[in-house]
Amino acid sequence: MASTRNNANNAARTVNTRKTANKNVKKTNRKITNRKTTNRKTTNRKTTNRRAGGKTPFSPVDLKKLFPPWGSEDALNQTANKEATDIIQAVYHDINAYCNLERLAKEQAYGCQEMFSNMFVFTEGFVEREISYYMSCMESFKAEHGEFQPVTPNSRFLEFVTGLGWKMFAICSHAEAFRRGIKESSDRTWGFLLQKIQENFLSIELYAHSRALKWRNILCAYQNSPIPGLPDMKPEIETYMKWKVDHPHHTVITLDGKLKEPTYNGKLQQHINESIYEPKKWGGKKQDPTIRHKPNGSPTNVGSDCALCGSPVSCDCRLTSRAGELVELREYPDTGTGVRALTRFQRGDTLDIFMGELLPTSVEEVYPLQQNDDKLGKERYLCTICPHQFGNWTRYISHSCRPSTRFTIRTIGNRVVCTVDALRDILPFEEITVSYGGKYWRSKDYDCLCGHCDGSGTD
Ligand SMILES: [Zn+2]
Ligand SMILES: [Zn+2]
């Protein structure tokens with residue numbers, strides 16, 4: 001087991017090297033929300049003469065690496081790595097589900113209180129069992145070798161708490177995936193898991209924090225009786241993360257491992273659950289042009305059949321995707337704030353609706369994501385969605401010339417919306433990207449830095 005502890009330490013070093021390497025970050029390839037015409041670096045001026053054959057070719061596929069021989073070290077590592085990824089993505093999922101359930105229990109939603117108290121008991125019981133098992137091992141060692149023998153039980157619990165701390169142990173204990181993983185996974189998988197938790201330490205900490213996970217509750221019973229051979233949990237319990245508990249998409253993890261708010265013109269970019277229509281900005285026109293019915297309920301001629309139920313007129317359908325709960329905002333070298341997946345998304349998944357303020361015309365500095373009517377054979381301009389001040393996580397998706405998602409105009413429920421759809425499978429911890437379109441890049445005087453093109457913004 002000692003070797004796995006080394007893995008975690010190695011991981012710590014890798015993380016540190018990566019951080020220092022990224023110190024000099026050019027903020028260039030800006031997001032939809034951060035377009036400004038000023039402050040552009042000369043180095044990013046659009047190149048008129050593209051370098052010959054400048055496009056990065058797809059790297060040749062090493063089949064041996066992709067499919068290592070059965071039973072080889074590489075194959076075993078590949079399997080263990082995949083298993084560890086499955087566990088860690090389930091940890092995010094379970095923490096989110098736990099916090100959602102706690103919220104519903106507080107709102108006294110039907111059946112949720114009982115379910116939540118069961119989940120709490122599972123977590124509490126798990127921690128109790130791990131601690132008491134460790135203690136009983138210590139006791140029997142003492143009986144066998146005497147008081148001062150420097151022997152420690154061969155325990156993953158000990159390894160985890162010593163390497164990653166009580167707080168991380170308490171957070172992860174809320175996840176069924178972790179509770180099973182610590183018991184059932186192979187040594188190899190466990191080693192990869194420790195490494196991944198170490199690499200994503202801040203990410204997991206922030207994820208739990210922004211969802212107000214009360215991890216202290218399951219430790220407080222033990223805080224006054226130190227456990228021999230384990231670090232004192234008190235300092236960790238008494239340290240509070242110096243960051244507000246806020247909407248998860250009001251925080252960006254920076255390249256140097258800090259937290260910041262996403263801002264536009266110095267103001268926080270606020271999260272909204274529904275696009276904003278303000279009649280004032282439309283010369284007093286009361287009717288939101290994307291809505292399929294008039295205030296009196298009679299149908300407008302906007303949109304086509306509902307993509308979910310097929311209704312030709314306004315219906316109650318809503319997109320139920322929870323993708324936004326399983327992504328995080330994080331800075332990337334070169335491209336600035338982007339979106340990182342914390343789970344696996346499948347090709348064809350509709351991740352979310354691109355939201356913002358609906359405006360009649362494209363305003364200066366606004367990325368002109370025009371929303372046209374999706375009626376067959378009809379290209380009718382409806383509005384521009386401006387996500388500068390208000391929007392959801394989809395506004396932070398960076399452009400790539402080989403994107404993993406695309407914008408699609410659809411009629412859903414009572415309105416015409418622009419959705420973000422997965423073009424291919426997206427892996428946990430992969431950056432989610434979208435294409436802003438050739439028109440966007442032709443209108444800009446800076447180069448695309450996605451790394452897949454010659455800078456022109458087209459693959
Ligand atoms: Zn419908
Ligand atoms: Zn590009």
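Contact here means heavy atoms within 4.5 Å. This is a predicted model, so local features need pLDDT of at least 70 and side-chain atom pairs count only at pLDDT 80 or more, while totals for chains, interfaces and linings use all residues. Residues are numbered from 1 along each chain as its sequence is written, chains are lettered from A and ligands numbered from 1 in the order in which they are written, and side-chain values use heavy atoms, with hydrogens and water left out.

**View 1. The whole chain, before zooming in.** Count the pieces and you get 10 helices and 16 strands (DSSP runs numbered from the N terminus: H or I of at least four residues for helices, E of at least two for strands). Of the 459 residues, 48% are buried (buried is under 20% relative accessible area, exposed over 50%, partly exposed in between; 1.4 Å probe, protein chains only). Among contacts with a separation of 6 or more, 71% join residues 24 or more positions apart. The chain exposes about 23800 Å², with 53% of that coming from carbon and sulfur atoms (Shrake-Rupley method, 1.4 Å probe; for residues, only the protein chains shown count as cover).

View 2. Asp94 sits in helix α3, residues 73–106. Asp94 is buried but has no salt bridge, and the nearest side chain of opposite charge, Arg179, is 6.5 Å off. For the bookkeeping, a salt bridge needs a side-chain nitrogen of Lys or Arg within 4 Å of a carboxyl oxygen of Asp or Glu; Lys and Arg count as positive, Asp and Glu as negative, and His and the chain ends are not counted. Skip the neighbours within four places in sequence, and Asp94 is in contact with His174, Ala175, Glu176 and Ala177.

**View 3. Four cysteines around the zinc ion (ligand 2).** The SG atoms of Cys401, Cys448, Cys450 and Cys453 coordinate the zinc ion at 2.2 to 2.4 Å (donors are N, O and S atoms within 2.8 Å of the metal, or 3.2 Å for Na, K and Ca; water is not among the atoms, so sites may look incomplete). The 4 donor atoms subtend angles of 103 to 118 degrees, so the arrangement is tetrahedral (for four donors, all angles between 85 and 135 degrees). Cys401 is in the loop between β13 (398–399) and β14 (405–412) and Cys450 in the segment after α10 (438–442), so this pair ties together parts 49 residues apart in sequence. Both Cys401 and Cys450 are buried.

**View 4. Ser186 in its loop.** Ser186 lies between α6 (176–184) and α7 (187–199) and is partly exposed, at 37% relative accessible area. Beyond residues up to four places away, Ser186 touches Glu83 and Arg156.

Terms used: Four donors count as tetrahedral if all angles lie between 85 and 135 degrees; four count as square planar and six as octahedral if opposite donors are over 155 degrees apart and all others between 65 and 115; anything else is irregular.
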